[in-house]
Amino acid sequence: MTPSERPKLEVFHRLRRPPSRLPKALKIASLVVLGLMVLMFAGCAWLFGGLIANSLERVEPTRALILSVTAQRGFAPVGDPRLAEGAQLSPEALTRLNAGLAETGGALFISKPSCTAHSSRGAEAREGDFVTCLAQADFLNNVQRSVEIVWVRQRGAWYVDDFSMQDARAE
């Protein structure tokens, strides 16, 4: 074959298959999916990070509230500034709680509270950020009670939504 008989390089370019568009489309689709996954992860980290911070933030105020409430023999009957607007503590429940605190006296020991945060959003009647804290309290006369406090964030500050005590005796 002489050099003049050889096919020109242009012919080889025309004979080659055109490059496929699938790899480029696949790259774009995978980058979009990866971007969405990163956004979802960041959103979850932001949400759960805030909930964890809220629960850790309420541990010491819970101990302080239990000490304060037991030393004062309860909440103020009307308009206690520590209670949230529309708190779940009805006036009757508040009267029963104050009577129970009056008979036990001040708390001698309070265990470290364990707090769990949750956020309620949507069409529910009660929306907001809530933290539920549980602690064991030892009172005078060898009385041990389980204390549960539900905190709610209103206007950027934390208020007591519910406060309950139950005997911690084994039956």
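I take a residue as buried under 20% relative accessible area, as exposed over 50%, and as partly exposed in between. By that scale Arg-73 is partly exposed, because its relative accessible area is 40%. I note before going on that the model is a predicted one.

**Entry: the chain as a whole**

I looked up the secondary structure and found that the chain comes to 4 helices and 5 strands, which follow one another along the sequence in the pattern α-α-α-α-β-β-β-β-β. Of the 171 residues of the chain, 32% count as buried.

**Entry: two positive phi angles**

I returned to Arg-73 to look at its backbone, and found a phi near 65°, a positive value in a residue other than glycine. Arg-73 sits in the loop between helix 3 and helix 4, and its place is just after helix 3. I then looked up Arg-155, which is not a glycine either and has a positive phi of about 50°. Arg-155 belongs to the loop between strand 4 (143-154) and strand 5, and it counts as exposed because its relative accessible area is 60%, where the cut-off for exposed is over 50%.

**Entry: helix 3**

I checked the length of helix 3, residues 59-71, against its count of residues: at 1.5 Å a residue its 13 residues should span 18 Å, and the end C-alpha atoms are 19 Å apart, which agrees. Which residues of helix 3 are buried? I listed Val-59, Thr-62, Leu-65, Ile-66, Val-69 and Thr-70. Seen down the axis of helix 3, these buried residues fall within an arc of 120°, so they line one face of the helix. The spacing in such a list can be read from the geometry of an α-helix, which has 3.6 residues a turn, so that residues three or four places apart point the same way. On the other side of helix 3 I found Glu-60 and Ala-71 exposed.

**Entry: helix 4**

I made the same check for helix 4 (91-104), whose 14 residues should span 20 Å at 1.5 Å a residue, and the end C-alpha atoms are 20 Å apart, in agreement. The buried residues of helix 4 are Ala-93, Leu-94, Leu-97, Asn-98, Gly-100, Leu-101 and Thr-104. Viewed down the axis of helix 4, they fall within an arc of 160°, so they line one face of the helix. The face turned away from that buried side carries the exposed residues Pro-91, Glu-92, Thr-95, Arg-96 and Glu-103.

**Entry: the largest pocket**

I looked up the largest pocket next and noted a volume of about 200 Å³. Its lining is made up of Gln-88, Leu-89, Ala-93, Arg-96, Leu-97, Gly-100, Leu-101, Arg-145, Asp-162, Phe-163, Ser-164 and Met-165. Which element gives the most to this lining? Helix 4 does, with 5 residues, while helix 4 and strand 5 (157-167) each supply at least two. By kind, the lining residues divide into 6 nonpolar, 3 polar and 3 charged. Ala-93, Leu-97, Gly-100 and Leu-101 from the lining are also among the buried residues of helix 4, whereas Arg-96, another lining residue, is among the exposed ones.

**Entry: an aromatic pair**

I searched for aromatic pairs, and the count came to 1. Phe-75 and Phe-163 form this pair, which is edge-to-face, with 5.4 Å centre to centre and 80° between the planes. The angle puts the pair in that class because planes over 60 degrees apart count as edge-to-face. Phe-75 lies in the loop between helix 3 and helix 4 and Phe-163 in strand 5, so the pair ties together parts that are 88 residues apart in sequence.

**Entry: Thr-132**

Last, I looked up Thr-132, which has its place in strand 3 (residues 128-139). Thr-132 counts as buried because its relative accessibility is 17%, and the cut-off for buried is under 20%. Between Thr-132 and Pro-113, 19 residues apart in sequence, the distance in space is 9.6 Å, C-alpha to C-alpha.

Note on methods
Residues are numbered from 1 along each chain as its sequence is written. This is a predicted model: local features need pLDDT of at least 70, side-chain atom pairs count only at pLDDT 80 or more; totals for chains, interfaces and linings use all residues. Side-chain values use heavy atoms; hydrogens and water are left out. The expected span of a helix is 1.5 Å times one less than its number of residues. Buried means under 20% relative accessible area, exposed over 50%, partly exposed in between (1.4 Å probe, protein chains only). The arc is that of the directions from the helix axis to the C-beta atoms. On a 1 Å grid over the protein atoms alone, a cavity is a set of points where a 1.4 Å probe fits but cannot get out, and a pocket is an open set with protein on both sides within 12 Å along at least five of seven lines; lining residues have an atom within 4 Å of a point. Grid points are joined across faces, edges and corners, and a volume is the space filled by probe spheres set on the points. Ala, Val, Leu, Ile, Met, Phe, Trp, Tyr, Cys and Pro count as nonpolar, Asp, Glu, Lys and Arg as charged, and the others, Gly among them, as polar. Rings of Phe, Tyr and Trp (its six-membered ring) pair if their centres lie within 6.5 Å; planes under 30 degrees apart count as stacked, over 60 as edge-to-face and the rest as tilted.
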